[in-house]
Number of protein chains: 6
Amino acid sequence: MIIDIHGHTNAPPSLYAYKAGLLASKGAHGKGNPGLTEEGMANTVKNHLANNLDKVGTDVQFLSPRPFQLMHSEKPEKIVHYWCEANNDAIAMSVKAAPDRYRGVAGLPQCAGVPITNVLEEIDRCMEMGFVGIMINPDPYEGGGTHSPGMGDEYWYPLYEKMVQLDIPALIHSASCKDPWDTYSNYSSATETRCIISMVSSGTFDVFPNLKIIVSHGGGAVPYQVGRYRAFFGRHFENSGGFDAQLKKFYFDTVLYNEEGLDLLFKIVGSDRCMFGTENPGTGSYRDPASGKMLDDLKPVIEGIETIGDSDRKNIFEDVARKVFPRAKI
Amino acid sequence: MIIDIHGHTNAPPSLYAYKAGLLASKGAHGKGNPGLTEEGMANTVKNHLANNLDKVGTDVQFLSPRPFQLMHSEKPEKIVHYWCEANNDAIAMSVKAAPDRYRGVAGLPQCAGVPITNVLEEIDRCMEMGFVGIMINPDPYEGGGTHSPGMGDEYWYPLYEKMVQLDIPALIHSASCKDPWDTYSNYSSATETRCIISMVSSGTFDVFPNLKIIVSHGGGAVPYQVGRYRAFFGRHFENSGGFDAQLKKFYFDTVLYNEEGLDLLFKIVGSDRCMFGTENPGTGSYRDPASGKMLDDLKPVIEGIETIGDSDRKNIFEDVARKVFPRAKI
Amino acid sequence: MIIDIHGHTNAPPSLYAYKAGLLASKGAHGKGNPGLTEEGMANTVKNHLANNLDKVGTDVQFLSPRPFQLMHSEKPEKIVHYWCEANNDAIAMSVKAAPDRYRGVAGLPQCAGVPITNVLEEIDRCMEMGFVGIMINPDPYEGGGTHSPGMGDEYWYPLYEKMVQLDIPALIHSASCKDPWDTYSNYSSATETRCIISMVSSGTFDVFPNLKIIVSHGGGAVPYQVGRYRAFFGRHFENSGGFDAQLKKFYFDTVLYNEEGLDLLFKIVGSDRCMFGTENPGTGSYRDPASGKMLDDLKPVIEGIETIGDSDRKNIFEDVARKVFPRAKI
Amino acid sequence: MIIDIHGHTNAPPSLYAYKAGLLASKGAHGKGNPGLTEEGMANTVKNHLANNLDKVGTDVQFLSPRPFQLMHSEKPEKIVHYWCEANNDAIAMSVKAAPDRYRGVAGLPQCAGVPITNVLEEIDRCMEMGFVGIMINPDPYEGGGTHSPGMGDEYWYPLYEKMVQLDIPALIHSASCKDPWDTYSNYSSATETRCIISMVSSGTFDVFPNLKIIVSHGGGAVPYQVGRYRAFFGRHFENSGGFDAQLKKFYFDTVLYNEEGLDLLFKIVGSDRCMFGTENPGTGSYRDPASGKMLDDLKPVIEGIETIGDSDRKNIFEDVARKVFPRAKI
Amino acid sequence: MIIDIHGHTNAPPSLYAYKAGLLASKGAHGKGNPGLTEEGMANTVKNHLANNLDKVGTDVQFLSPRPFQLMHSEKPEKIVHYWCEANNDAIAMSVKAAPDRYRGVAGLPQCAGVPITNVLEEIDRCMEMGFVGIMINPDPYEGGGTHSPGMGDEYWYPLYEKMVQLDIPALIHSASCKDPWDTYSNYSSATETRCIISMVSSGTFDVFPNLKIIVSHGGGAVPYQVGRYRAFFGRHFENSGGFDAQLKKFYFDTVLYNEEGLDLLFKIVGSDRCMFGTENPGTGSYRDPASGKMLDDLKPVIEGIETIGDSDRKNIFEDVARKVFPRAKI
Amino acid sequence: MIIDIHGHTNAPPSLYAYKAGLLASKGAHGKGNPGLTEEGMANTVKNHLANNLDKVGTDVQFLSPRPFQLMHSEKPEKIVHYWCEANNDAIAMSVKAAPDRYRGVAGLPQCAGVPITNVLEEIDRCMEMGFVGIMINPDPYEGGGTHSPGMGDEYWYPLYEKMVQLDIPALIHSASCKDPWDTYSNYSSATETRCIISMVSSGTFDVFPNLKIIVSHGGGAVPYQVGRYRAFFGRHFENSGGFDAQLKKFYFDTVLYNEEGLDLLFKIVGSDRCMFGTENPGTGSYRDPASGKMLDDLKPVIEGIETIGDSDRKNIFEDVARKVFPRAKI
């Protein structure tokens with residue numbers, strides 16, 4: 001079975017037109033209505049299943065809101081909540097339309113500069129709708145220049161408590177990036193790197209040993225730069241396995257669109273910490289002119305990596321996801 | 001011959017005590033004197049050669065100022081200049097003390113929020129002292145929250161013109177990081193990633209085809225995440241070799257303290273774009289308890305990588321450096 | 001003939017989904033494509049003509065971008081330009097689909113904090129597409145707290161020169177409003193009031209006697225509060241007709257959804273300065289439960305006002321618009 | 001009987017020289033003394049009664065501090081308190097000098113950015129001196145760019161509780177305006193509009209059904225633009241009388257210096273919500289060159305409006321004020 | 001003859017009431033009128049001459065605007081100009097009323113954050129009215145937290161050029177102080193100290209050898225702390241007389257209300273750099289309960305200092321002023 | 001016996017190199033180690049005793065951290081703590097090396113913008129190490145533009161309570177100064193002046209009658225400008241001895257490098273409030289070319305002042321220090 005834990009809502013344009021309206025009105029019209037109909041969604045789902053799951057052999061895809069659309073740094077806060085709820089509702093509609101093929105991963109209505117507890121109610125709502133995990137944006141300021149508390153900071157503790165209590169994992173994924181000289185795509189890598197280093201520095205897993213954190217995109221730069229962190233943290237963790245032991249407290253997805261990167265990831269963190277993910281359709285949905293293959297068609301790539309074996313592949317494709325997402329019941 | 005292009009000034013404490021004084025007085029006492037003596041430096045050089053070059057088989061090391069000490073975001077500007085000059089002077093003293101073993105790479109007195117032309121005079125001064133390259137900090141605000149112009153922005157053009165005119169390469173390396181939840185060590189990786197993406201997006205090499213940019217630490221996250229960028233830039237560069245062709249316009253050093261990372265780097269960018277670098281002594285100067293080896297002792301690591309051949313190794317250890325740094329005359 | 005000078009683009013959701021994408025990517029994907037097809041637009045236009053023009057007896061409607069969607073305060077600037085151009089393109093498609101029933105009024109890519117000259121190129125582009133006027137946002141900061149130069153300030157002169165040179169009028173209409181305790185709807189009224197007072201104070205029409213400024217929504221609060229301004233400006237304009245003479249240098253539309261307001265407007269400024277406008281469909285598209293009538297169905301309202309005569313009505317419904325918009329050629 | 005509820009302190013220059021001194025010293029000299037003497041005030045009162053009450057037939061005028069002088073945004077807070085107290089003291093002296101002709105309406109020492117509870121003590125002090133109402137500035141930042149909590153926000157609740165408890169009404173009137181391209185005179189209209197919309201949106205009268213709010217200057221732009229608000233709020237209040245039912249929870253004064261505006265006001269809100277007010281002497285104290293009449297001589301204007309009857313006029317001139325200001329005991 | 005070079009406008013309250021009105025209206029009413037009459041001023045002058053000159057034996061007093069009232073940090077700029085002009089006009093009226101007893105020292109309409117050239121026109125206007133010098137505020141931000149360019153900075157050069165060209169001296173005197181934990185009175189001392197140190201550090205007198213700078217209040221803290229500066233600047237000026245030689249390029253007034261301070265001042269800078277000044281009436285107008293004397297009655301104090309002789313006293317009381325203020329023609 | 005209460009740590013360069021490293025790493029490496037050895041310190045102490053105590057006849061010197069190095073405004077807070085602790089440790093090492101010749105005065109890890117209670121733990125630590133007093137920086141923002149609470153503000157009360165409870169005095173001394181047009185040297189004088197005025201204004205000694213405050217550098221500008229303050233505070237303290245009685249609640253040191261200043265100080269505040277201090281070596285360590293004497297060699301200067309007698313000298317040189325610093329046990 002192939003479980004792709006990193007997919008995003010695929011909704012008709014009216015969902016995003018709804019977002020544009022919220023930003024224009026600043027919520028003056030109230031929550032309003034994203035205009036999603038069961039019929040419209042059924043059509044979208046049908047196309048999505050055919051083109052983005054069946055065609056590449058994915059059995060089940062986990063859907064979270066499209067991260068760079070989450071607008072966590074916008075004000076007033078109510079439009080962030082309206083918008084996040086609309087996304088989670090759209091995901092719930094997809095899951096309802098194809099319950100064997102999808103699972104929901106809730107976006108959070110994180111708002112820059114306010115307590116993280118403001119998101120807990122939406123988590124409860126989503127869990128009641130059958131969602132299996134959440135997605136955390138490490139920087140709700142979206143690169144705007146104000147520094148967000150690191151993922152190891154106590155700011156996040158109420159959320160971590162909730163996660164442990166409900167036994168739900170979180171996918172780490174930043175949203176947009178306001179730095180005019182950066183891009184959301186670089187920024188997700190930078191924030192994933194920061195997330196790992198912050199949590200290792202702070203000993204977060206000592207406080208929350210059962211916390212499940214999945215770092216997107218193969219962990220940003222960390223596995224590639226792992227030697228640097230082995231040295232940096234060497235003294236601190238010398239008697240407990242060094243930085244590598246810390247790194248193995250995280251999970252990672254395989255949203256890396258090149259074989260060399262995947263190979264390195266598996267070598268550094270081990271297949272028992274990796275889950276298949278493609279973000280299909282998304283950034284990787286590009287047909288390489290040389291090979292003629294879609295870059296986000298990662299199943300054959302992983303199947304072709306010779307340095308791992310069948311049990312590794314089973315870990316990656318299904319077993320780790322099953323363990324990490326107990327609510328998925330797959 | 002082993003040429004290590006990424007080493008930093010190794011000076012006695014009085015150099016850094018001088019910096020502390022500049023920050024305390026804000027330059028009220030004038031430039032003052034870092035108190036470096038030929039005798040004191042000779043001793044430092046002797047130890048450095050013995051422990052950090054001879055012991056690991058390095059023939060020549062290129063010295064630039066220790067980047068995280070450069071305090072580019074401090075005010076008033078004059079103390080940034082004083083301090084940068086003192087560093088370059090210390091490097092010149094080292095080179096003078098052991099002219100066969102060192103080359104100088106100039107730090108730049110970059111100041112947050114002012115034109116880049118303010119650094120040109122110091123470049124001239126260093127070239128007259130026999131330096132062979134420069135080091136650029138992509139973010140003189142040092143992560144303070146104000147966005148620095150991307151390396152593809154026209155802000156940098158006067159510097160690029162100077163580099164082309166003098167035929168000197170630049171090592172890209174950020175300085176400190178003021179984000180209380182980040183570290184200078186992550187930040188260098190993030191800014192190296194941004195540097196590559198900004199210059200590719202802006203087509204900087206179309207404007208300056210002879211510009212030589214060396215991205216430190218194996219290019220941040222880019223080689224590892226290269227698939228993402230192949231997709232992201234796919235359409236734009238489809239007829240000119242895709243993102244890989246762009247990536248091969250940059251140079252990279254080998255300051256990656258793990259074999260898997262180095263292996264990936266060579267595969268993605270090719271040995272003809274790579275130069276040996278260790279930053280020894282520096283972050284990597286940590287003895288791995290398991291192997292008993294220093295993590296920054298990279299020569300045996302590179303010699304042990306099986307996916308490259310002798311000509312690759314010659315590229316990495318000496319030939320690319322010779323080509324990129326014509327002033328080094330090695 | 002009934003000419004409604006105040007209508008806005010009526011596009012399918014994909015246009016606004018495009019805006020959401022620009023805000024999410026901050027333009028990292030380039031301009032991209034709003035996904036408007038001639039077929040999709042034809043359908044939208046057909047519905048719009050049937051429901052919003054034919055049903056209420058409007059012969060021709062002038063279309064400008066939906067103001068509160070213009071996001072002038074967003075960064076980077078390029079997304080403001082992309083988005084404005086997409087809006088003007090959508091309007092051009094509507095006009096092309098029904099050339100007898102529509103005219104285009106160009107939105108401007110105004111960006112907070114940059115010179116107004118940055119919009120001139122888009123004006124030229126729109127004029128080449130046959131547009132007949134422009135719409136100006138008096139506050140590109142969108143109520144964010146930074147004060148925009150008043151409409152009488154020299155900041156705007158290059159735009160006024162362009163308008164006079166091309167003989168095109170401008171509709172004054174603010175965009176969104178970032179003040180969390182205000183709304184875009186109040187804010188347009190406040191900025192229209194400010195616009196009139198700023199231009200009267202500065203004597204803008206002395207510098208640009210042929211400038212044509214149309215203040216939306218019946219001039220904000222000015223006609224209602226006119227006595228206050230008569231007193232305030234009394235001394236300054238005592239020998240030239242007082243404030244009323246100044247007020248008659250502006251034009252006004254009739255986007256006031258109550259009879260008493262319209263009656264007052266015509267009494268204070270005269271029918272020769274008024275143009276029929278409804279913003280249909282828009283805020284006023286609400287069916288009054290008592291009367292059962294749509295509030296923006298203003299034609300019968302104006303026809304029912306007894307204090308004006310037939311020539312006044314002809315002024316309001318068509319003649320003033322013909323004079324003010326010579327490029328409309330109606 | 002003619003009761004003018006909107007008059008302001010008319011004090012000798014020494015009161016304002018005192019203000020200038022407070023701003024210059026920032027309160028370093030302590031509270032000091034505004035130098036008001038019973039004799040000096042008696043003279044001022046005598047002139048005021050003769051010229052601004054007797055001449056126009058006003059029997060009683062309610063005096064509040066001259067709003068644009070209140071300097072609520074200045075720091076340190078103590079000078080705002082000193083100054084407000086001096087104003088209220090001056091009013092108390094006037095009332096004492098002519099107890100049949102004046103009533104006091106207390107200015108509040110509102111300070112930007114601090115809790116509204118800081119004004120409660122001054123309310124108590126003024127009530128002990130026999131004052132009959134208070135005046136609220138909806139924006140103590142005085143248009144400086146920081147957004148003040150809307151009048152419907154819970155920020156104001158302690159003040160509303162106090163008002164209900166003491167049964168005192170409040171006149172809504174902004175102070176100065178720091179926006180260099182706006183004026184205090186426009187700004188009062190804008191903030192009055194915002195006040196109504198904020199309180200309607202928030203359902204403030206549901207929480208405080210006995211709260212008495214008097215919106216100055218005929219309610220800013222609201223009665224003129226009422227159709228827009230009928231549409232905007234239509235859905236929300238469809239079953240409870242629409243926006244008009246909400247609007248009738250406010251009171252209004254007649255400080256509109258033109259007949260058409262007054263006529264519209266009475267039609268929209270009804271005479272049972274209106275109170276005579278002139279702000280004489282003030283902005284309207286201008287002799288219209290055409291008519292030869294003072295613009296703030298509103299009694300004959302109201303008497304001449306044909307669309308209202310005698311009971312309406314009685315409402316406006318005295319009855320509503322009697323009901324709203326029970327402490328006035330007139 | 002006794003010449004007191006440090007006195008300030010003594011105007012009736014209407015002048016300061018005018019200031020309060022400017023701050024309230026932000027200049028919306030135009031320049032308006034401070035309401036000064038020849039009659040009113042004649043009365044003020046008569047009292048002033050009797051109480052503040054004749055009674056203490058002053059023959060001529062130089063009048064400048066009361067510094068802490070100058071509101072240089074207020075916006076918009078036009079009210080700073082209006083207010084400064086009104087002050088200078090009031091001074092001109094005083095001088096006209098008693099031409100033998102007064103001279104005018106012009107206040108400057110300095111505005112925070114704009115070029116100093118904006119004050120030059122007012123200097124010309126005052127010189128045409130017969131003024132003899134100017135007063136400079138070293139910090140037009142008035143301690144608000146934004147750093148003003150030091151008096152040695154090139155920012156001030158256009159003003160210094162004007163001063164040299166017209167041969168007019170300047171009195172250094174700060175205005176108000178916005179730091180809530182400081183006072184205008186401390187702040188003048190701090191800024192006078194900064195002025196001297198900045199100009200010495202920058203070598204301003206090397207650029208403008210004929211510039212005449214009079215530091216108020218006996219030079220702030222400098223003469224008292226002179227040893228510190230002798231050491232601090234020792235090396236820089238060792239061959240040109242040390243810091244003392246630099247200090248003697250400035251002039252000082254005697255506005256020090258204690259004998260020990262005056263004694264120290266004369267010893268450190270010499271009587272040939274000192275001018276009699278009292279600021280009477282002002283801060284020092286306090287009757288010491290012990291001695292029964294007014295603290296600003298400095299003539300007998302200076303006459304009683306035994307460490308100076310008659311020629312020193314002549315210097316202080318008249319000769320230096322005659323030399324420094326050639327336009328005074330006394 | 002000669003007790004010099006105002007000396008500063010004299011450590012080898014490695015201490016300041018440690019500071020430079022903290023600023024570069026922002027504490028990412030943890031507290032680390034300043035690299036002070038007993039041997040290294042013994043050498044430094046030996047030289048210091050010989051050159052800076054024995055040579056000028058000082059028996060005991062009190063050592064506090066070098067103030068301008070304290071970097072209180074830097075972030076993150078932890079590096080301020082690390083650095084302050086290292087300084088206090090260095091002082092403790094000096095005292096341990098020469099217990100008869102030194103006493104420790106603790107620097108405080110004050111951090112801009114956080115509660116003063118954060119320093120209390122370090123006070124306890126230092127008292128346990130035998131320190132005898134503390135040093136307070138009145139502006140932890142170091143002149144950066146944010147206003148620090150005045151020394152009379154309740155912000156400081158927890159610190160004052162601690163001081164009274166432990167019976168330890170505090171030396172008032174600012175640190176660096178970020179104003180690019182000011183210097184740390186002027187700034188200490190300005191903040192000392194502010195300290196006195198703030199505490200007198202606030203009546204701090206009424207709340208803490210046993211509080212012991214020693215104002216460095218002879219009290220900034222206050223004794224020199226004392227007449228101004230006598231007048232300014234005259235009315236407030238008329239019945240309790242005027243400003244002079246207030247001033248005598250403070251203590252002062254003699255770090256004034258000129259005889260006239262010292263003479264004035266003793267006259268104004270009396271020898272019973274003065275303690276010998278030299279800051280040797282420091283700013284005053286300059287040999288006057290004329291006299292050939294070191295400016296900070298103040299013992300002969302004080303011995304030469306004729307206006308004081310032997311008991312005054314005993315006060316200054318030893319008795320006051322003994323009384324104020326009971327923990328010194330000298």
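**Contacts, bridges and strands**

Guide: The contact between chain C and chain D draws on 54 residues from chain C and 54 residues from chain D. This is a predicted model, in which local features need pLDDT of at least 70 and side-chain atom pairs pLDDT 80 or more, while totals for chains, interfaces and linings use all residues. Residues are numbered from 1 along each chain as its sequence is written, chains are lettered from A and ligands numbered from 1 in the order in which they are written, and side-chain values use heavy atoms, without hydrogens and water.

Visitor: What makes a contact between chain C and chain D?

Guide: Contact means heavy atoms within 4.5 Å. On that rule, 54 residues of chain C and 54 residues of chain D take part.

Visitor: What is the area buried between chain C and chain D, and which residues of chain C lose the most?

Guide: Buried area is the accessible area, taken with a 1.4 Å probe, that two parts lose on being put together, summed over both. For chain C and chain D the value is about 4500 Å², and carbon and sulfur atoms give 58% of it. On the side of chain C, the most area is lost by Trp181(C), Tyr224(C) and Arg228(C), together 20% of what that side buries.

Visitor: Why is the pair Asp182(C) and Arg194(D) called a salt bridge?

Guide: A salt bridge requires a side-chain nitrogen of Lys or Arg within 4 Å of a carboxyl oxygen of Asp or Glu. The N to O distance of Asp182(C) and Arg194(D) is 3.4 Å, so the pair qualifies. The rule finds six salt bridges across the interface of chain C and chain D.

Visitor: How many residue pairs are in polar contact between chain C and chain D, and what makes a pair count?

Guide: A polar contact is a pair of N or O atoms within 3.5 Å; within protein, one must be able to donate a hydrogen and the other to accept it, and residues adjacent in sequence count only if both atoms are side-chain atoms. Between chain C and chain D there are 22 such residue pairs, both residues being at pLDDT 80 or more. At least two residues each come from α6 (184–202), α8 (226–232) and α10 (259–269) of chain C, and α6(C) gives the most, with eight residues. Helices are DSSP runs of H or I with at least four residues, strands are runs of E with at least two, and both are numbered from the N terminus.

Visitor: Which values describe the contact of chain E and chain F?

Guide: Here 54 residues of chain E are in contact with 54 residues of chain F. The two chains bury about 4600 Å² between them, 58% of it on carbon and sulfur atoms. Trp181(E), Tyr224(E) and Arg228(E) supply 20% of the area that chain E buries against chain F, more than any other three residues. The count of salt bridges between chain E and chain F is six. In one of them, Arg194(F) pairs with Asp179(E), with closest N and O atoms 3.7 Å apart.

Visitor: How do you know that chain B and chain D are not in contact?

Guide: No contact joins chain B and chain D, and their closest C-alpha atoms lie 21 Å apart. Chain C and chain F likewise do not touch, with nearest C-alpha atoms 21 Å apart.

Visitor: Why are β1 and β8 of chain F called edge strands?

Guide: Two strands pair if DSSP finds at least two bridges between them. The open sheet of chain F has eight strands in the order β1-β2-β3-β4-β5-β6-β7-β8, with parallel pairing. Each of β1 (3–8) and β8 (274–275) of chain F has a single partner strand, so one side of each is left without a neighbour in the sheet.
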